[in-house]
Amino acid sequence: TSDESEPLITRKKELFDNVIPSSNAIMVDNLLRLGTITYKESYLDTANNMINQVAHLIAQEPEYMAAWSEAALNMKNDFAEISIVGEKALQFSHKINKRFIPNQITIPAEAPLSFAESQAFKTALDDQTTVYVCYDKVCQRPVFSVEETFDLLNIPIEVKLKIVDIE
């Protein structure tokens with residue numbers, strides 16, 4: 001609230017998920033993602049502190065803490081940071097995001113990214129759309145196709161479902 005507003009009797013802090021996820025849990029996930037992209041440890045520390053504050057509730061009331069649980073899992077497991085630079089960056093991004101890939105952040109850009117230290121060196125190589133897959137500030141070799149990106153992420157290109165009859 002603004003300093004010019006009337007003082008509030010109480011400030012409600014939304015912790016539990018209802019019909020929509022808890023706004024604080026969504027904010028934690030946003031801090032995790034932004035901290036991962038920008039390498040700002042303060043964002044990651046804030047997210048970690050927030051998760052630690054509700055850890056006992058996640059264990060006691062998991063049915064009301066789904067968004068917090070997801071954020072805690074995201075904190076525990078490193079994000080795959082997928083930076084795509086080049087003319088076809090958006091097309092590549094759409095193809096990659098058609099698959100469910102847990103714990104991933106896709107960052108498409110037609111020009112070299114400069115909003116964060118983490119993105120400074122990521123440029124299109126040999127005038128080709130280039131994909132960089134990084135985990136915890138360490139990047140794998142750059143690749144030039146969606147299929148190669150899936151290989152780096154260990155994602156099968158085609159998932160075939162086997163239907164089994166249950167008797």
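This is a predicted model: local features need pLDDT of at least 70, side-chain atom pairs count only at pLDDT 80 or more; totals for chains, interfaces and linings use all residues.
Student: Happy to. What makes Glu41 partly exposed?

Tutor: Glu41 has a relative accessible area of 40%. That value lies between 20% and 50%, so Glu41 is called partly exposed.

Student: Why is the pair of Glu41 and Lys137 called a salt bridge?

Tutor: The closest N and O atoms of Glu41 and Lys137 are 3.1 Å apart. A Lys nitrogen within 4 Å of a Glu carboxyl oxygen qualifies, so the pair is a salt bridge. The pair links distant parts of the chain, 96 residues apart: Glu41 sits in helix α2 and Lys137 in the loop between β3 and β4. Lys137, at 46% relative accessibility, also counts as partly exposed.

Student: How do you know whether Lys122 is buried or exposed?

Tutor: The relative accessible area of Lys122 is 0%. Since that is under 20%, Lys122 is buried.

Student: And which residue forms a salt bridge with Lys122?

Tutor: Glu81 does, with the closest N and O atoms 2.7 Å apart. Here too the pair links distant parts of the chain: Glu81 belongs to strand β1, Lys122 to the loop between β2 and β3, and 41 residues separate them. Glu81 has a relative accessible area of 2%, so it is buried as well.

Student: Why is the link between the side chains of Lys122 and Ser83 called a polar contact?

Tutor: The distance given for these side chains is 3.5 Å. The cut-off is N or O atoms within 3.5 Å, so the pair counts.

Student: What about Asp29: is it buried or exposed?

Tutor: Asp29 has a relative accessible area of 16%; that is under 20%, so it is buried. Asp29 forms a salt bridge with Arg33, at 3.0 Å between the closest N and O atoms. Both residues lie in helix α1, four residues apart, about one turn of the helix. Arg33, at 26%, is partly exposed.

Student: What is the phi of Asp126, and where is this residue found?

Tutor: Its phi is near 50°, a positive value in a residue other than glycine. Most residues other than glycine have a negative phi. Asp126 is found in the loop between β2 and β3. With 65% relative accessible area, over the 50% limit, Asp126 is therefore exposed.

Student: Which residues gather in the patch of negative charge on the surface?

Tutor: Glu87, Glu110, Asp126 and Asp127 do.

Key: Residues are numbered from 1 along each chain as its sequence is written. Side-chain values use heavy atoms; hydrogens and water are left out. Helices (H or I, at least four residues) and strands (E, at least two) are DSSP runs, numbered from the N terminus. Buried means under 20% relative accessible area, exposed over 50%, partly exposed in between (1.4 Å probe, protein chains only). A polar contact is a pair of N or O atoms within 3.5 Å; within protein, one must be able to donate a hydrogen and the other to accept it, and residues adjacent in sequence count only if both atoms are side-chain atoms. Patches are made of residues with over 30% relative accessible area and no salt bridge: like charges are joined within 9 Å, nonpolar side chains (Val, Leu, Ile, Met, Phe, Trp, Tyr) within 5 Å. Accessible areas come from the Shrake-Rupley method with a 1.4 Å probe; for residues, only the protein chains shown count as cover. A salt bridge is a side-chain nitrogen of Lys or Arg within 4 Å of a carboxyl oxygen of Asp or Glu. Lys and Arg count as positive and Asp and Glu as negative; His and the chain ends are not counted. The place of a charge is taken as NZ of Lys, CZ of Arg, CG of Asp or CD of Glu.
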